[in-house]
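Please examine the sequence and the structure before reading on.

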Amino acid sequence: MIDLRSDTVTRPTEGMRRAMLEAPVGDDVFGEDPTVNRLEEYVADLLGKQAALYAPSGTMTNQIGVHVSTSPGDEVLLHEGSHIFVYEAGAPAMLSGVQLRTLSGEAGVLDPATVRAAVRPEDVHFPRSRLLCLENTHNTAGGKVFPLEDFAAVAATAKELGLEVHLDGARLFNAQAATGIPASEWCAHANTVSVCSSKGLGAPVGSLLAGDEETIREARRARKAFGGGMRQAGIIAAASLYAFENNIDRLAEDHARARNLALGLSEAGYEVQEPETNLVLVAVDDPPDFLQALAREGVLATPGKPGYVRLCAHLDVGDTEIETAIRAAARITPSAIER
Ligand code: TLP
C-alpha cells in the first residue's frame, strides 16, 4: 500500500529512534525534563518567540491557544475551512465556552475588510470579538501558503480592533520551504503560534505553542487542565527536537514530489489543483467511491474539501511510490477506462 493520506503517517527513522533512546529525561510537570526544556527553547527561538510549550497534538496546542486568549462567551473569528473549525470536534465550545464565527476567503486567506466587518461593536447584546485564528499553510485550501503581506495586513487590522491573533502553523515550515521566508516572519504578527513536529517533519507525536512568557505560563496551566501534562516526555520530545533540527530543509523534496504527482494526475485526465506545498487536491465526482477504487489499486488518500480528494507527499514516499500512485490513479480515470 502507498499511503498518501497524510504526512502524519510517517514512521520514525533510525536516527530519530536513536535520539529517543538516548534522551535524558525527567518529570516535565515539575519542569525537570531536560529534553523537553531544550525542545521548548529551540522552537521558541526558531519562531522568534519568548517561550514555547510542548504538548501531545496540534489540536491541543490550537485549543490552548484559543483558551489563553478568550473568556467564555467570547467570539473567535476564523476561516470557514480552518482546521480549528472543521476538524477539532467542537473543542472551542467544549473547552473554552467560546462561539466561533466563520468567514470566507479565497485559498484560506482572510482579508482585512472581511475581519473589520465581522468585529462586533461594543453593545450588551453582542459577544465580544476577541481572537482571530489564521492557518498557514491552509489544509482544506490544499496546502496553500498565506502570503506574508496579506497575513501582516489582516493581523494588523485584528490588533487595531483589539483582537489577539493565533496562528495554526501545523505546516508552517512548509510555507517557509515553499517561499524561502523564515517561519518567524509570520509569527511576528501573531500572539500565539502552534507548530507540529508530527506532520511533514516526521516525528511520531508532538506540537508546540509559542508566545510571550506570560501567555505560555498561562498555557502551561491550560495544558494541565486539558490533560496534556506529561512526565518523562523527553522520550518523545527527543523525536520532535530531531525533526526540527533535521527535517525542515528536506520539505522542499515533498513539494517537488507533490508537483510531480499533480502533473502525472493531470496528464492522466484528472482536474488537479496546482500544489504550492505537499498537499494535492484532485476533483472527483464521488470522493468516497473514488477513494475505495484507489485503495483497490493500492493507494490510500483522504477526502479533501467537498468534491475533492487529498493526496499528500511526505518523508516516507519517494519518487517510485509517486510514479506507482500516478499509474494506479490512471487506471481508474474515465478516460483510461474508455481506452
Ligand atoms: N490535520 C490532519 C487531520 O486532522 C485532517 C491531516 O491529516 O491533515 N492544524 C492543521 C492545519 C492540521 O492539518 C492538523 C492535522 C492539526 C492542526 C491537528 O494536529 P493533530 O493531528 O496533531 O491534532
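A polar contact is a pair of N or O atoms within 3.5 Å. The model discussed here is predicted.

Q: Which residue has a polar backbone atom 2.8 Å from an oxygen atom of the ligand?
A: The cut-off for a polar contact is 3.5 Å between N or O atoms. A distance of 2.8 Å separates an oxygen atom of the ligand from a polar backbone atom, and the residue that supplies this backbone atom is G58.

Q: Which side chain places an N or O atom 2.9 Å from an oxygen atom of the ligand?
A: For an oxygen atom of the ligand, an N or O atom at 2.9 Å is found in the side chain of R310. The ligand has 510 Å² of accessible area on its own, of which the protein covers 82%. The side chain asked for is that of R310.

Q: What is the omega of the peptide bond from N136 to T137?
A: Most peptide bonds are trans. The bond from N136 to T137 is cis, and T137 lies in the loop between β5 (129–135) and α7 (148–160). Its omega is near -5°.

Q: Is N136 buried or exposed?
A: N136 is found in the loop between β5 and α7, and a polar atom of its side chain lies 2.9 Å from the backbone nitrogen of F146. A residue under 20% relative accessible area counts as buried. The value for N136 is 0%, so N136 is buried.

Q: Which backbone nitrogen lies 3.2 Å from a polar atom of the side chain of H138?
A: H138 lies in the loop between β5 and α7. Because its relative accessibility is 1%, H138 counts as buried. A polar atom of the H138 side chain is 3.2 Å from the backbone nitrogen of A141.

Q: Why does A89 count as exposed?
A: Most residues other than glycine have a negative phi. A89 is not a glycine, yet its phi is positive, at about 60°, and A89 lies in the loop between α4 (83–86) and α5 (91–96). A89 counts as exposed because its relative accessibility is 67%.

Q: What is the relative accessibility of A107?
A: A107, in the loop between β4 (99–103) and α6 (112–118), has a positive phi of about 55° although it is not a glycine. A107 counts as partly exposed because its relative accessibility is 29%.

Q: How far apart in space are P72 and G97, C-alpha to C-alpha?
A: P72 is found in the loop between α3 and β3 (75–79), and P72 is exposed, with a relative accessible area of 69%. In sequence, P72 and G97 are 25 residues apart, whereas their C-alpha to C-alpha distance is 4.4 Å.

How values were computed:
Residues are numbered from 1 along each chain as its sequence is written. This is a predicted model: local features need pLDDT of at least 70, side-chain atom pairs count only at pLDDT 80 or more; totals for chains, interfaces and linings use all residues. Side-chain values use heavy atoms; hydrogens and water are left out. A polar contact is a pair of N or O atoms within 3.5 Å; within protein, one must be able to donate a hydrogen and the other to accept it, and residues adjacent in sequence count only if both atoms are side-chain atoms. Accessible areas come from the Shrake-Rupley method with a 1.4 Å probe; for residues, only the protein chains shown count as cover. Helices (H or I, at least four residues) and strands (E, at least two) are DSSP runs, numbered from the N terminus. Buried means under 20% relative accessible area, exposed over 50%, partly exposed in between (1.4 Å probe, protein chains only).
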